[in-house]
Amino acid sequence: MQPTINWSQPQRQPLSGLLVALLKSFGQVLKGTWPFILLALFRGEQKEFDKYDAILLLAAAIVFISSLGSYLFFRFYIEGDELIIKKGWLKKKVLTIPLQKIQAVHIEQSPLHQLLNIVKLSADTAGSNDTEVTIDALRKPMAEALRERLSYHKEETVEGAAVPQKESLFTLADSDLLKLALSANHLEAFFILLSAAFGAFENLKTVNAEWVDGAAGWLPEGSLPVFLFLILSVLVITLLISTTRIFFKFYGFTAFYTPSGMQLKSGLASTRERFVAFNKIQFISWRANWIRRRLGLWLLQYHTAGGDDVKEAVKAEVPVTQKSFISLLVAPYHALPELEGATAITIHPAYVARRTLMTGVLPAFLLITISAYWWQYKSLFFLLWPLVVAWRSWLFQRKFKVYLFEDVLFIARGAWRAEHVLLKWNVLQATATSQSIYQRNRGLANLNMYTAAGAIVIPYVDLSTAQQMMNYGLYKVEKESQTFI
């Protein structure tokens with residue numbers, strides 16, 4: 001049972017929020033002072049008070065004063081149909097956010113929050129690149145009550161369901177997580193590891209360049225077994241990183257259905273609860289690489305307003321381990337259309353030739369010209385690049401299909417991976433066609449379909465087909481708007 005709270009009265013965070021603010025400020029100060037901390041710790045036996053001690057003392061004072069001010073001057077309340085947040089002590093700030101602009105409300109609980117028996121609440125709003133609403137510390141019953149108040153305000157409350165009842169759809173098993181981890185994009189994890197290693201290396205050099213140069217001499221030189229061992233180690237670490245990321249992100253994943261939206265709960269060390277209102281969804285997509293398709297695994301995403309700019313950590317993604325779950329997850333938005341017997345719109349074959357020329361042949365020619373002086377005949381290896389681009393373009397052109405139905409479009413696309421998109425006509429904000437000189441001479445065009453969650457582009461279709469789709473989309477939007485007048 002949710003507590004009864006008068007949201008018109010200014011609310012404050014619990015006392016444990018002061019510790020959260022303290023650690024948050026400490027983390028921000030640490031980013032700029034950690035080299036001085038390392039120097040202070042490893043500078044040897046020095047009993048005199050020096051500049052490094054002064055810097056650390058000043059940083060500690062800044063952390064404490066900033067944290068205390070952030071905690072004491074933070075208030076939030078609801079006035080009419082607006083959420084008001086007041087914060088700041090030296091520089092006061094007042095945020096006024098209409099409730100209808102709030103797209104999704106998330107509840108997170110890090111290990112620190114779990115220790116203090118509190119949660120963090122954040123909300124995404126339409127037309128903003130960042131998360132505007134963030135309350136770092138709340139008791140969970142209060143956070144859940146505030147989420148329901150923000151998600152189901154009076155203009156959108158379903159009749160007879162002011163407090164929706166949750167219904168569990170499915171929960172991921174550990175075996176499902178292992179399949180997701182083993183089939184993840186390990187190349188992405190490899191580059192994350194590589195960038196982190198280079199970053200740490202450069203930071204250490206700023207602290208003690210001699211120690212870093214000396215450590216480099218510890219590695220044996222010219223040893224093939226050592227080289228192979230390093231490569232194998234990187235691959236193993238990459239696999240471990242991918243597995244860890246999947247488990248931390250999707251551990252205990254459970255999808256709940258409510259009359260007004262989908263609630264997604266997951267996380268290992270930090271648990272996250274994301275709510276996606278059905279009437280905020282712009283379109284739905286689900287994708288899988290070659291391995292995951294063979295295992296029947298997909299990653300489904302609900303695209304809401306501002307979806308192109310939503311941070312990765314709070315994207316509304318659902319790991320799907322059975323294809324039957326997809327129809328269940330998209331049903332509140334729109335039923336999956338029957339594709340058998342339907343006619344598909346495809347991309348013109350000219351796409352392959354043009355793409356290969358512009359992004360394959362010309363860059364390869366430029367690279368060969370630049371590198372031929374130093375690499376001589378070895379620079380001809382760049383000729384492989386146009387072949388890769390041609391292959392990818394051919395796969396993309398071959399797989400791209402658009403199926404048109406009365407209320408919805410179904411798009412199948414992708415080159416190395418497969419992706420499907422379900423888009424209702426009535427969510428379109430605008431449509432437009434664009435043509436290059438090459439396309440204009442061949443009667444082709446790109447159709448750009450704009451939604452509040454980003455644009456969907458259908459490239460290299462016949463101009464007449466693009467215009468018909470554009471006109472039909474405008475007709476459906478106009479017809480939908482007239483029903484609310």
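**Entry 1: terms before looking**

I began by noting that a residue is buried under 20% relative accessible area, exposed over 50%, and partly exposed in between. I also reminded myself that this is a predicted model.

**Entry 2: a surface patch**

I looked up Ile-65 with those limits in hand. It has 46% relative accessibility, which lies between 20% and 50%, so I wrote it down as partly exposed. Ile-65 belongs to helix α2, which covers residues 51-72. Which residues form a nonpolar patch on the surface with it? I found Phe-64, Leu-68, Leu-72, Phe-73, Trp-89 and Leu-90 alongside Ile-65. Together, the residues of this patch have about 680 Å² of accessible area.

**Entry 3: strand β12**

Next I moved to strand β12, residues 298-304. Is it mostly covered or mostly open? I found it mostly covered, with seven of its seven residues buried. I then checked where the side chains go. In a regular strand the side chains alternate between the two faces of the sheet. In β12, Trp-298, Leu-300, Tyr-302 and Thr-304 point one way. Leu-299, Gln-301 and His-303 point the other way, and these too are buried.

I also looked up the partners of β12. It pairs with β11 in the antiparallel sense over six bridges, and Phe-283 has His-303 of β12 as its bridge partner. Strand β13, residues 317-320, also pairs with β12 in the antiparallel sense, over four bridges. Here Leu-300 has Val-318 in β13 as its bridge partner.

**Entry 4: aromatic pairs**

I was curious about the rings. How many aromatic pairs does the structure hold? There are 16. A pair of aromatic rings is described by the distance of the centres and the angle of the planes.

I picked Trp-286 and Phe-410 to start. Their ring centres are 6.0 Å apart and their planes stand at 55 degrees, so I noted the pair as tilted. Trp-286 sits in strand β11 (residues 281-288) and Phe-410 in strand β16 (residues 408-413), so the pair ties together parts that are 124 residues apart in sequence. Trp-286 has 3% relative accessibility and therefore counts as buried. Phe-410 is buried as well, because its value is 6%.

Then I turned to Trp-425 and Tyr-472, an edge-to-face pair with 5.0 Å centre to centre and 85 degrees between the planes. Trp-425 lies in the loop between β17 (418-424) and β18, while Tyr-472 lies in helix α14 (residues 463-482), so this pair ties together parts 47 residues apart in sequence. I checked the cover of each ring's residue. At 1% relative accessibility, Trp-425 counts as buried, whereas Tyr-472, at 29%, counts as partly exposed.

I also marked one aromatic cluster, formed by Phe-170, Phe-250, Phe-253 and Phe-325.

**Entry 5: a sheet of three strands**

Last, I followed β18 into its sheet. This is an open sheet of three strands in the order β18-β19-β20, with antiparallel pairing. Why is one side of β18 and of β20 left without a neighbour in the sheet? I saw that β18 (430-434) and β20 (454-462) stand at the edges, and each has a single partner strand, so one side of each has no neighbour there. The twist averages 20 degrees from one strand to the next.

I looked at the pairing of β18 with strand β19 (residues 444-451) too, which is antiparallel over five bridges. Thr-431 stands opposite Met-449 in β19.

Notes:
Residues are numbered from 1 along each chain as its sequence is written. This is a predicted model: local features need pLDDT of at least 70, side-chain atom pairs count only at pLDDT 80 or more; totals for chains, interfaces and linings use all residues. Side-chain values use heavy atoms; hydrogens and water are left out. Patches are made of residues with over 30% relative accessible area and no salt bridge: like charges are joined within 9 Å, nonpolar side chains (Val, Leu, Ile, Met, Phe, Trp, Tyr) within 5 Å. Accessible areas come from the Shrake-Rupley method with a 1.4 Å probe; for residues, only the protein chains shown count as cover. A salt bridge is a side-chain nitrogen of Lys or Arg within 4 Å of a carboxyl oxygen of Asp or Glu. Helices (H or I, at least four residues) and strands (E, at least two) are DSSP runs, numbered from the N terminus. Buried means under 20% relative accessible area, exposed over 50%, partly exposed in between (1.4 Å probe, protein chains only). Two strands pair if DSSP finds at least two bridges between them. Axes are lines fitted to C-alpha atoms, for helices over the stretch in contact, and angles run from 0 to 180 degrees between N-to-C directions. Rings of Phe, Tyr and Trp (its six-membered ring) pair if their centres lie within 6.5 Å; planes under 30 degrees apart count as stacked, over 60 as edge-to-face and the rest as tilted.
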